[in-house]
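Morning, everyone. Let me put the structure up, then we'll go through the ligand site and the fold around it.

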Amino acid sequence: MPLVTMRQLLDEAAKGGYGVGAFNVNDMEQIQAIMMAARQTKSPVIAQASRGARAFAEDLYLFKLIQAAAELNPDIPIAMHQDHGNSFETCKSAIALGYTSVMMDGSLKEDGKTPSTFDENVDVTRRVVDYAHERGVTVEGEIGVLGGVEDGHGAGGSGLEHITDPDQAVEFAERTGVDALAIAIGTSHGAYKFNKKPDGSVLKMDVLIAIHKRLPQTHLVMHGSSSVPKELQDIVNEYGGKLKQTWGVPVEEIQLGIRNGVRKINVDTDNRLAITGAIRKVFAESPEKFDPRDYLKPAREAMAKVVAARMTEFGQAGHAGDYAPIPISEMAAGYKSGSLDPRPSLAGTR
Ligand code: 13P
């Protein structure tokens, strides 16, 4: 099956009332782990690469791995997504490689650190939307700013500093025409999101619900949504790691989000923890081993287990075979004719 667009996956998820996990990839073992989980749970897949991943793996290696995954798994729809594009050029280069979806994170300036103004965000995102939609490619935008830093991208600080204003979210969706909208509700990238189980004072599900009420047709995206389970922290620490105790986003809060318009859920940290725990275990228990396969295989299995659990919890399990892929040229024609125009003012007219 050719790669499908993220827009199609999210439209289908909205029809079915479920969410789709977007899992970060940097190497062969990670895409294999995602596909193992997708086969086991019969799930559609969003694989995503940050700029850091593209640099680490080299663009062509990484993209060919995704193509291999699609070729080897013809029954599973896969969208390949640029995570946190920092500029028009980054998005353009991902589209040139064959990515079927890009995130233009205009909430930060091109340095990937400094919060931008609302108008700067609208301008660069709109430019990417025009370019991508002409080619049938999906665009995710971000309004509000996530906390923390991931792969060198992020404003740092707490997730509470730039919570999304629901009225601004509506204006942003209307002026940019993004297919999916990432919002800031107190989450941050990385392991250290909350210093106790989050409640409504730090995880603003009320803001998410308010945005969904104003934008009922818009696909919302939760970033920084690893749950950072204690079991994964404990394995890392049991075998010599030094993680401080921390809390992520509870799965039940993500499920509440899914009931309120969340269609894409970004998960990276949980997989990093699973991989690191599995590798540390082999190193600690079998220090005589030196064949990378001896620790990469359990690492891959540990990640597949986490991904399969999330696919089931987000509700995407069982939905891989629901639909045939829409060719990207047809998506381009749909944007051109207006039938796929995602602007909220057109909702109900399509
Ligand atoms: P986590 O660090 O919570 O896994 O978030 C990943 C993410 O949002 C990637 O964009």
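A word on the source. This is a predicted model, where local features need pLDDT of at least 70, side-chain atom pairs count only at pLDDT 80 or more, and totals for chains, interfaces and linings use all residues. Residues are numbered from 1 along each chain as its sequence is written, and side-chain values use heavy atoms, with hydrogens and water left out.

Now the polar contacts, meaning N or O pairs within 3.5 Å. Thr269 puts a polar side-chain atom 2.6 Å from a ligand oxygen. For Asp83, the distance from a side-chain N or O atom to a ligand oxygen is 2.9 Å. For His223, it is 3.2 Å from a polar side-chain atom.

Next, the fold. Strands here are DSSP runs of at least two residues, helices of at least four. Eight strands close into a parallel barrel, in the order E1-E2-E3-E4-E5-E6-E7-E8. Pairing takes at least two DSSP bridges. E4 (101–104) and E5 (138–143) share 4, and Met104 sits opposite Gly141.

Back to the ligand, then.

Conventions:
A polar contact is a pair of N or O atoms within 3.5 Å; within protein, one must be able to donate a hydrogen and the other to accept it, and residues adjacent in sequence count only if both atoms are side-chain atoms.
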